[in-house]
Structures are given as C-alpha cells and as structure tokens.
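Here are some notes for a first look at this model. Please keep the structure open while you read.

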Amino acid sequence: MTETDLDRVSLLLGTYLFGDLSPAELEPLARATTIRDLVRSERVFNVGDPADAIYVVVSGQLKDTLTTADGDEVVFAVYGPGMIVGEPGFFAPERDRVMAVAALG
C-alpha cells in the first residue's frame, strides 16, 4: 500500500460511515478513490444526477442547496473536512440526487 493509500485509509477511518471498518477492509476502497479540487461555486452534483458516488470532504467546505422557483438559493447544510456527502442518494432505491452540492467559498 502506498503512502497516498494510507492517507486515504486514515481519512475514511475518520468518518462515521467507514470508521468501524479495519484498515485492511478499507484498502481496496482507498485505492478506488479519486481526489477532486474544486473552485468556488463549482458543482459536485445537481438535482437529478445519478447517485453513483459518495464524497468525503478533505478540506474546505461544501454546501447542500436547492434553488426555489423564484431563483433563491436555500442552503440546507454545510459540510467540512471529514464529513461525508451524497450517501442518502447512493443508498436509496431511486439512486438519484435530490439536492445540489457545490464548493463554498
């Protein structure tokens, strides 16, 4: 296992979703992860997108939002380092997103 894999295993171990697993159990997942750098307001996913991934915030913040019919943005949650985003849709039978998530400034 590489140093990067170890860092990713440690990150996953620090979350509520994966914290009860052993490092050996998380190694394959850590190797399959992708790191994304986002700029302010860049979308991670939008309403209706397929829920085919779970995201862990490594640094910075993400916001969980909906836009009203009048164009107003409603922020439901802000996610910081170590928090998981997108798991409700991932584990739901419909497997599509009901919220939009974007990078917060």
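This is a predicted model: local features need pLDDT of at least 70, side-chain atom pairs count only at pLDDT 80 or more; totals for chains, interfaces and linings use all residues.

1. Start with strand β3, residues 61-67. Five bridges join β3 to β6, and the two strands run antiparallel.

2. Now step back to the whole sheet. It is open and has four strands, in the order β1-β6-β3-β4, with antiparallel pairing. The edge strands are β1 (43-45) and β4, each of which pairs on one side only. On average, neighbouring strands are turned by 35° against each other, direction ignored. Strands of a sheet pair through backbone hydrogen bonds, either parallel or antiparallel.

3. Next, the other neighbour of β6. Strand β6 covers residues 100-104, and two bridges join β1 to it, again antiparallel. Arg43 stands opposite Ala102 of β6. Phe45 stands opposite Val101 of β6.

4. How many of the five residues of β6 are buried? Four are, so β6 is largely enclosed by the rest of the structure.

5. Turn to the charges. The structure holds three salt bridges. Side chains of opposite charge can pair when their charged atoms come close.

6. The salt bridge between Lys63 and Glu73 has its closest N and O atoms 3.0 Å apart. This pair links distant parts of the chain: Lys63 lies in strand β3 and Glu73 in strand β4, ten residues apart. Lys63 counts as buried because its relative accessible area is 13%, under the 20% cut-off. Glu73 is partly exposed, at 41% relative accessibility.

7. Another salt bridge joins the side chains of Arg31 and Glu27, at 3.8 Å from N to O. Both residues belong to helix α2 (residues 23-32); they are four residues apart, so about one helical turn separates them. Arg31 is partly exposed, with a relative accessible area of 47%. Glu27 is partly exposed too, with a value of 24%.

8. Arg36 forms a salt bridge with Glu42, and their closest N and O atoms are 3.9 Å apart. Arg36 is partly exposed at 41% relative accessibility. Glu42 is also partly exposed, with a relative accessible area of 28%.

9. Last, the surface. Which residues make the nonpolar patch of about 210 Å²? They are Val75, Val78 and Leu104. Val75 sits in strand β4, residues 73-79. Val75 is partly exposed, with a relative accessible area of 42%.

Conventions
Residues are numbered from 1 along each chain as its sequence is written. Side-chain values use heavy atoms; hydrogens and water are left out. Patches are made of residues with over 30% relative accessible area and no salt bridge: like charges are joined within 9 Å, nonpolar side chains (Val, Leu, Ile, Met, Phe, Trp, Tyr) within 5 Å. Accessible areas come from the Shrake-Rupley method with a 1.4 Å probe; for residues, only the protein chains shown count as cover. A salt bridge is a side-chain nitrogen of Lys or Arg within 4 Å of a carboxyl oxygen of Asp or Glu. Buried means under 20% relative accessible area, exposed over 50%, partly exposed in between (1.4 Å probe, protein chains only). Two strands pair if DSSP finds at least two bridges between them. Axes are lines fitted to C-alpha atoms, for helices over the stretch in contact, and angles run from 0 to 180 degrees between N-to-C directions.
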